[in-house]
Amino acid sequence: MKSSDIPKFGEPIQNQTIAVGREAVFSCVVDNLQTYKIAWLKVDSQTILSIQTHIITKNHRMTVSHVENRAWVLRIRDVKETDKGWYMCQINTDPMKNQVGYLNVVVPPDILDYPTSTDMVVREGSNVTLKCAARGSPQPTIIWRREGGEPIALTGQREAAVSSFNGSILSISRVNRLHMGAYLCIASNGIPPSVSKRVMLIVHFPPMLMIQNQLVGSAIGQKITLECQSEAYPKSINYWMKNETIITKGKRFEPIELENAYKVIMKLTINSVSQNDFGAYRCVSKNSLGDTDGTIKLYHIPQATLQTTLPPTTTTSRAVTTTTAAHPNMIDKMSNYKSNDDYLILKNVGATPGNRNIDSRDRGIMIALNFHFFFLFFHNFFLNSIHL
């Protein structure tokens, strides 16, 4: 037989990379087949799959078709991981001719329920280990991120925080309340889609209070709001007390709470403060791990009035200053006027000569008082000089 009469392969078999569940197609092109036969085999298991278009294997997912009288096409539907391997197209010549193609089956990542961590509850200050296990082909890589985009502080210190962590095991030492939240274990291997699992880290700690203003002043009839900030988890029970009595919402008292995760802003609004409202108020926070309280003192600020005999004054925003030196006789004579009404007005508004932390209305009062004091002083000094 002439060599030109012998069957030969028209082109090589192309290797295939197919995602699990898809269809794989191998094409074996043969020229001048004549009466010879074509067979497909699975090399790894030495299994005959087909002869011509007749399927020998019991795998119903495989078919063979003859296309354009020269191509023998093997199709594998719903590819599984076990289909991975070498496939041979064989011509039963003597000697036998064959060529092979490789099927690589890739698998998108899948996170395993075990030993991946579930939601965790820990006490503040303890060490935490979060685990994530995934499978796929190729083997997936794992990245940890926080759901809200917050940095991950691995050692409990912000200086050591990272935006993400690569690895299946995430360890955090000395966990604190800032670590509380959702963590995402993200598995990917280049085969879409990537998958993730959400692990909630809950940190328990007893209540703590922060009070910005522990001393609050109010005039009678004024509307005033007291404020405490509480942090606690599990969620705390919060309330206000005065004279060992719990304050409830009513016409004059309005306690409200503004919650944000483990933080609570406690506000107590007193409408039209009366004389009986002055005193100490306690904000109390309790949960199953402990309790704490803080005190805010509400004190009376008198409403000052000017004497009608005082000359008119002009209020300015400039700081009020007084002379830094005075004759001893001047000091003695000025002390004679400490009991008059003008001095009491100055004392009640909480200002003293030289005090720069007063408002513009008080500055006007002080200018008038200083003028009044010096007028009386020089008047007395002049009378004493005549008697001498």
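Q: Which strands form the open sheet of four, and in what order?

A: Strands of a sheet pair through backbone hydrogen bonds, either parallel or antiparallel. In this predicted model, the four strands of an open sheet follow the order S1-S3-S8-S7, with antiparallel pairing. Strand S1 (8-11) and strand S7 (62-67) stand at the edges; each has a single partner strand, so one side of each lacks a neighbour in the sheet. On average, neighbouring strands of this sheet are turned by 30 degrees against each other, direction ignored.

Q: How many bridges join S7 and strand S8?

A: S7 and strand S8 (residues 71-76) pair over six bridges, in the antiparallel sense. As one example of such a bridge, Ser-65 has Val-73 in S8 as its partner.

Q: Which strands form a hairpin with two residues between them?

A: That hairpin is made of S27 and S28, with two residues between them. S27 and strand S28 (residues 290-300) are paired antiparallel over nine bridges, and Cys-283 stands opposite Gly-294 in S28. Strand S27 (residues 279-287) also pairs with strand S23 (residues 237-242), antiparallel and over five bridges. There, Tyr-239 is placed opposite Val-284 of S27.

Q: Which residues touch the most other members of the largest nonpolar core?

A: In soluble globular proteins, nonpolar side chains tend to be buried together. The largest nonpolar core here has 22 residues, of which Leu-130, Ile-142, Trp-144, Leu-170, Tyr-183, Leu-201 and Val-203 touch the most other members. Strands S12 (128-131), S14 (141-146), S18 (169-172), S19 (181-188) and S20 (195-210) each supply at least two residues of this core. S20 gives the most, with five residues. Apart from this core lies another, of 21 residues, among them Cys-28, Leu-49, Trp-72 and Ile-91.

Q: What does Leu-170 touch, not counting residues up to four places away in sequence?

A: With those residues set aside, the list for Leu-170 includes Leu-130, Trp-144, Phe-165 and Tyr-183. Val-128, Thr-129, Ile-152 and Leu-154 also belong to it.

Methods: Residues are numbered from 1 along each chain as its sequence is written. This is a predicted model: local features need pLDDT of at least 70, side-chain atom pairs count only at pLDDT 80 or more; totals for chains, interfaces and linings use all residues. Side-chain values use heavy atoms; hydrogens and water are left out. Two strands pair if DSSP finds at least two bridges between them. Axes are lines fitted to C-alpha atoms, for helices over the stretch in contact, and angles run from 0 to 180 degrees between N-to-C directions. A nonpolar core is a set of buried Ala, Val, Leu, Ile, Met, Phe, Trp, Tyr and Cys residues joined through side-chain atoms within 4.5 Å. Buried means under 20% relative accessible area, exposed over 50%, partly exposed in between (1.4 Å probe, protein chains only). Contact means heavy atoms within 4.5 Å.
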